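I opened this structure for a first look and kept notes as I went. The entries below follow the order in which I looked things up.

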Amino acid sequence: MRLDIITCCPQWFESPLRHFIFQKAIKQQYLSVCIHNLRDYTPYKHGKIDDHPYGGAAGMLLMAEPIANCIKALQKERVYDEVIYMAPDGLPLEQDLVNKCSLKQHLILLCGHYKGIDERIREHFITLEISIGDYVLSGGELPALVLADAMVRVIPGVISDASSALTDSFQDGLVAPPAYTRPYNFEGKKVPDVLCSGNHKAIQAWMQQETLARTKTRRPYLLATDDVNHAQ
Ligand code: SAH
């Protein structure tokens, strides 16, 4: 997968891309990421990329030309599956959407800033808008990293044990069961006996029961919408 990220704050990406899952995925050539600084695409002097909104509203908006210039330059080089704008009012980012996006080869991720971007960019260039939740951040950089991390970890091969990412919460429409590691006895609290029993059938049954119980208390709406697979 190739990600082209358009931002006015390239420095936001420096550390995250050098660490953890990104570093591994890039090293193993599952992922390449190119960061594009909006200021390199502006036709205005002194790297100007923002201006006051028409109508007199407060704050500054990212102007259309630098964004359009950058997207057009990238689209000359290759065909993109989606041009994604990280937007608070976009499609909520959920596991299904993550999985779908992770199958794409070439994605542009556009990060807004200040009060956002000129509406005409959304109308003419953007094919998908994604929100990481109903709250407003100061820029699209963290949302882009959230989306990138979520996508990368489900690309087969990136996590060494392929089944690991697939047994996480939301992959099968439920939340994950509780998990324990050593020590067996932590401040008087012991690991449930069944997990130490070696009885795989019993362990599976326990996990399914815990998964359902947890989903019922934490995300009841998941059970309401998916009662065929999880009826028992
Ligand atoms: N004026 C806008 C908010 C702009 S916030 C509004 O009221 O909707 C500045 C930028 O941060 C946005 O352009 C977007 O790219 C990013 N952003 C902020 N919150 C976000 C969220 N919850 N999900 C995705 N992107 C977000």
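**Entry 1: the shell around the ligand.** I sorted the shell by class and got 11 nonpolar, eight polar and one charged residues. The shell holds 20 residues, and the closest are Tyr85, Met86, Gly112, Lys115 and Tyr135. I note here that this is a predicted model.

Entry 2: Tyrosine 85 has a side-chain N or O atom 2.5 Å from an oxygen atom of the ligand. Glycine 112 uses its backbone: a polar atom there is 2.9 Å from an oxygen atom of the ligand. For lysine 115 I found a backbone N or O atom 2.9 Å from a nitrogen atom of the ligand. I then looked up the ligand's surface: taken alone, the ligand exposes 560 Å², and the protein buries 85% of that.

**Entry 3: where the shell comes from.** Which elements give two or more residues to the shell? I found strand E5 (82–92) and strand E7 (128–131). E5 gives four residues, the largest share.

**Entry 4: confidence.** The protein has a mean pLDDT of 95, and 97% of its residues reach 70 or more. Strand E6 (residues 106–111) is highest at 99, and helix H7 (residues 162–166) is lowest at a mean of 81.

**Entry 5: helix H6.** I checked the length of helix H6 (residues 141–152). Its 12 residues, at 1.5 Å a residue, should span 16 Å, and the end C-alpha atoms are 16 Å apart, so the two agree. Is H6 mostly covered or mostly open? It is mostly covered, with nine of its 12 residues buried. Among the buried ones I list Glu141, Pro143, Leu145, Leu147 and Met151. Ala144, Ala148, Ala150 and Val152 are also buried.

**Entry 6: aspartate 172.** Where is aspartate 172? I placed it in the loop between H7 and strand E8 (185–186). A polar atom of the aspartate 172 side chain lies 3.2 Å from the backbone nitrogen of leucine 174. I also compared aspartate 172 with aspartate 118: they are 54 residues apart in sequence, and their C-alpha atoms are 38 Å apart in space.

Key
Residues numbered from 1 in each chain as written. Predicted model: local features only at pLDDT ≥ 70, side-chain atom pairs only at ≥ 80, totals over all residues. Heavy atoms only, no water. Near = heavy atom within 4 Å. Polar contact = N/O pair within 3.5 Å; in protein donor to acceptor, adjacent residues only side chain to side chain. Areas by Shrake-Rupley, 256 points an atom, 1.4 Å probe, with all protein chains shown as cover. Nonpolar A, V, L, I, M, F, W, Y, C, P; charged D, E, K, R; others polar. pLDDT = per-residue confidence, 0-100. Expected span 1.5 Å × (residues − 1). Buried < 20%, exposed > 50% of the residue type's maximum accessible area, 1.4 Å probe, protein only.
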